[in-house]
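Here is a short briefing on one protein chain. Please look over the sequence and the model before reading the points below.

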Amino acid sequence: MNRSVIVWISILVLTVCFADRCLGDSGGYDAIDAEHLTKARELIDNGVAYLLTQREENGGWSAGRGQAVPAITSMVLKTLVQHPDYGPDHPVVQAGFEVV
């Protein structure tokens, strides 16, 4: 993974964090309209799918050197924990926690 990939992962993590705030406690229906909500969820899901393709064999994430880096793994785990399809009990997240 090169520097530009790390930048994109960082942007994705920040986007998910801010999207969580924008969508609000009521699912975002009062914060953004339905069209933008659908697009935001699609983009987040695509970003999460990409992050999952970058996972190392040991269950963590790295800067492309083949060994998971706790800081990068932690950022990705924060994203996954906040995603409704994953959460803290998902096997992918649990494997990442083992690396950290």
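How many salt bridges does the structure hold? The answer is 1. Glu-42 and Lys-39 form this salt bridge.

**Overall layout**
- The chain has 4 helices and 0 strands.
- Read from the N terminus, the order of elements is α-α-α-α.
- Of the 100 residues in the chain, 32% are buried.
- Take the contacts between residues at least 6 apart in sequence: 50% of them join residues at least 24 apart.

**Confidence**
- Mean pLDDT over the chain is 80.
- A score of at least 70 is reached by 69% of the residues.
- Where pLDDT is low, predicted coordinates should not be read in detail.

**Helix α2: span and cap**
- Helix α2 covers residues 34-53, which is 20 residues.
- From first C-alpha to last, α2 reaches 29 Å. That is close to the 28 Å expected at 1.5 Å a residue.
- Asp-33 caps the N-terminal end of α2. One of its side-chain oxygens lies 3.1 Å from the backbone nitrogen of Glu-35.

- Which residues of α2 are buried? They are Leu-37, Ile-44, Gly-47, Val-48 and Leu-51.
- Viewed down the axis of α2, these buried residues fall within an arc of 100 degrees, so they line one face of the helix.
- The face turned away from the buried side carries exposed residues: Ala-34, Glu-35, Thr-38 and Thr-53.

**The salt bridge**
- The closest N and O atoms of Glu-42 and Lys-39 are 4.0 Å apart. The cut-off for a salt bridge is within 4 Å.
- Why can these two residues pair along α2? They are 3 residues apart in the helix, so about one helical turn separates them.
- In general, an α-helix has 3.6 residues a turn, so residues three or four places apart point the same way.
- Is Glu-42 buried, exposed or partly exposed? Its relative accessibility is 39%, so Glu-42 counts as partly exposed.
- Lys-39 has 42% relative accessibility, so Lys-39 also counts as partly exposed.

Definitions and conventions: Residues are numbered from 1 along each chain as its sequence is written. Side-chain values use heavy atoms; hydrogens and water are left out. The expected span of a helix is 1.5 Å times one less than its number of residues. Buried means under 20% relative accessible area, exposed over 50%, partly exposed in between (1.4 Å probe, protein chains only). The arc is that of the directions from the helix axis to the C-beta atoms. A polar contact is a pair of N or O atoms within 3.5 Å; within protein, one must be able to donate a hydrogen and the other to accept it, and residues adjacent in sequence count only if both atoms are side-chain atoms. pLDDT is the predictor's confidence in each residue, from 0 to 100. A salt bridge is a side-chain nitrogen of Lys or Arg within 4 Å of a carboxyl oxygen of Asp or Glu. Contact means heavy atoms within 4.5 Å.
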